[in-house]
Protein chains: 2
Amino acid sequence: MAKARHSRFDCTPGCSVEAAIGLIDGKWKSIILWHLLSGTLRFNELRRHVENCTPRMLTNQLREMEEDGLITRKVYAQVPPKVEYSLSDLGKTMEPILRALKEWGDANIGLYGKPVGHDPRDSA
Amino acid sequence: MAKARHSRFDCTPGCSVEAAIGLIDGKWKSIILWHLLSGTLRFNELRRHVENCTPRMLTNQLREMEEDGLITRKVYAQVPPKVEYSLSDLGKTMEPILRALKEWGDANIGLYGKPVGHDPRDSA
DNA sequence: CATTACAGTATCCTTTTTGATACTATATGC
DNA sequence: GCATATAGTATCAAAAAGGATACTGTAATG
């Protein structure tokens with residue numbers, strides 16, 4: 001985040017919901033987190049997992065999540081470079097959210113991305 | 001959504017996570033859904049709950065979620081108008097996600113919106 | 001000696017999203 | 001007769017997010 005698409009200051013009831021998605025609603029953040037759930041990954045490993053994400057965006061999303069304390073960046077003093085990304089303790093606590101999203105998606109998203117559930121039988 | 005900030009076609013594993021947040025990552029969507037969890041609300045009731053949301057945006061977010069099948073819009077043939085919004089059956093299945101977000105937020109978001117968890121004691 | 005892999009940056013540009021403001025029509029209450 | 005509440009629209013402008021492309025330096029590999 002850091003630019004706060006989801007504002008952080010109008011804390012009426014429900015705002016914690018907002019604040020929470022705020023941290024994962026970058027275009028690639030949720031998938032990155034999802035892959036990191038399975039363990040540490042290097043920059044280019046992530047790139048291969050998260051297809052279509054340019055290095056610019058990957059860096060961008062990783063840095064924002066690092067700033068937010070969700071992931072940890074470990075730089076090895078080597079050449080060629082080696083940088084490992086992993087979930088921080090805080091990041092790991094997001095697992096229930098990620099799993100809830102995954103389960104919902106698996107159950108309700110059709111092959112072409114539209115939610116399935118307008119009860120198609122109505123018109124059949 | 002409908003404009004798909006989170007792409008719907010690159011369905012590598014993890015994409016269902018992406019697809020799921022895609023439906024709730026509009027700036028006001030999660031709060032709207034959160035409030036609708038408690039029951040049906042009229043347009044202006046929602047406006048009052050979701051402070052700082054202009055009518056334009058409220059309409060916009062509601063319409064997108066309606067398109068995505070998450071909420072139901074019921075128009076009464078009256079003047080002055082009466083329109084009620086409520087969660088659809090599909091929308092109701094999002095409750096676990098919303099609750100997971102809420103719980104995480106309540107536990108980890110400080111009063112000013114930054115996640116709490118960089119272990120402040122380290123520097124104390 | 002040339003190539004490849006590593007982990008990014010830098011720059012520019014387009015698209016998407018959001019905000020601000022003013023406006024609509026009509027029934028009811030004062 | 002006038003203001004108010006209802007559920008929005010319309011138009012314009014600004015900001016944020018994301019994409020495309022090219023580039024960096026060094027070590028190991030062939």
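## Chain A: elements and order

Chain A of this predicted model has six helices and three strands. Helices (H or I, at least four residues) and strands (E, at least two) are DSSP runs, numbered from the N terminus. Along the sequence, the pattern of chain A reads α-α-β-α-α-β-β-α-α.

Of the 124 residues in chain A, 39% are buried. Buried here means 20 or more other C-beta atoms within 10 Å of the residue's own; exposed means 12 or fewer, and partly exposed lies in between, with C-beta atoms placed from the backbone. Contacts need C-beta atoms, placed from the backbone, within 7 Å. Among chain A contacts between residues at least 6 apart in sequence, 43% join residues at least 24 apart.

## Basis of the model

Residues are numbered from 1 along each chain as its sequence is written, while chains are lettered from A and ligands numbered from 1 in the order in which they are written. In this predicted model, local features need pLDDT of at least 70 and side-chain atom pairs count only at pLDDT 80 or more, whereas totals for chains, interfaces and linings use all residues.

## The sheet of chain A

Three strands of chain A form an open sheet in the order β1-β3-β2, with antiparallel pairing. Strands pair if DSSP finds at least two bridges between them. The edges are β1 (41-42) and β2 (71-76) of chain A, each pairing on one side only. Strands of a sheet pair through backbone hydrogen bonds, either parallel or antiparallel.

β2(A) and β3(A) (residues 82-87) run antiparallel and are joined by six bridges. Val75(A) has Val83(A) as its bridge partner. Tyr76(A) stands opposite Lys82(A). Helix α2(A) (residues 29-37) lies across β1, β2 and β3 of chain A, at about 90 degrees to β3(A). Axes are lines fitted to C-alpha atoms, for helices over the stretch in contact, and angles run from 0 to 180 degrees between N-to-C directions.

## The hairpin loop

Ala77(A) sits in the loop between β2 and β3 of chain A. Ala77(A) counts as exposed because it has 6 C-beta neighbours inside 10 Å. The C-alpha atoms of Ala77(A) and Pro115(A) are 46 Å apart, with 38 residues separating the two along the chain.

## The hairpin of chain B

In chain B, six bridges join β2 (residues 71-76) to β3 (residues 82-87), and the strands run antiparallel. Ile71(B) stands opposite Leu87(B) of β3(B). Five residues lie between the two strands of this hairpin.

## Helix packing between the chains

α2(A) packs against α1(B) (residues 15-22) at an angle of about 145 degrees, with the axes 8 Å apart. Ser30(A), Ile31(A) and Trp34(A) meet Val17(B), Glu18(B) and Ile21(B). Ala, Val, Leu, Ile, Met, Phe, Trp, Tyr, Cys and Pro count as nonpolar, Asp, Glu, Lys and Arg as charged, and the others, Gly among them, as polar.

## Helix packing within chain B

The axes of α2(B) (residues 29-37) and α6(B) (residues 95-108) come within 11 Å and cross at roughly 110 degrees. α2(B) is therefore roughly perpendicular to α6(B), a term that covers 65 to 115 degrees; under 35 is roughly parallel, over 145 roughly antiparallel, and the rest oblique.

From α2(B), the contact uses Ser30(B), Leu33(B), Trp34(B) and Leu37(B); from α6(B), it uses Glu95(B), Leu98(B) and Leu101(B). The residues of this contact divide into five nonpolar, one polar and one charged.

Technical notes. Two residues are in contact if their C-beta atoms, placed from the backbone, lie within 7 Å.
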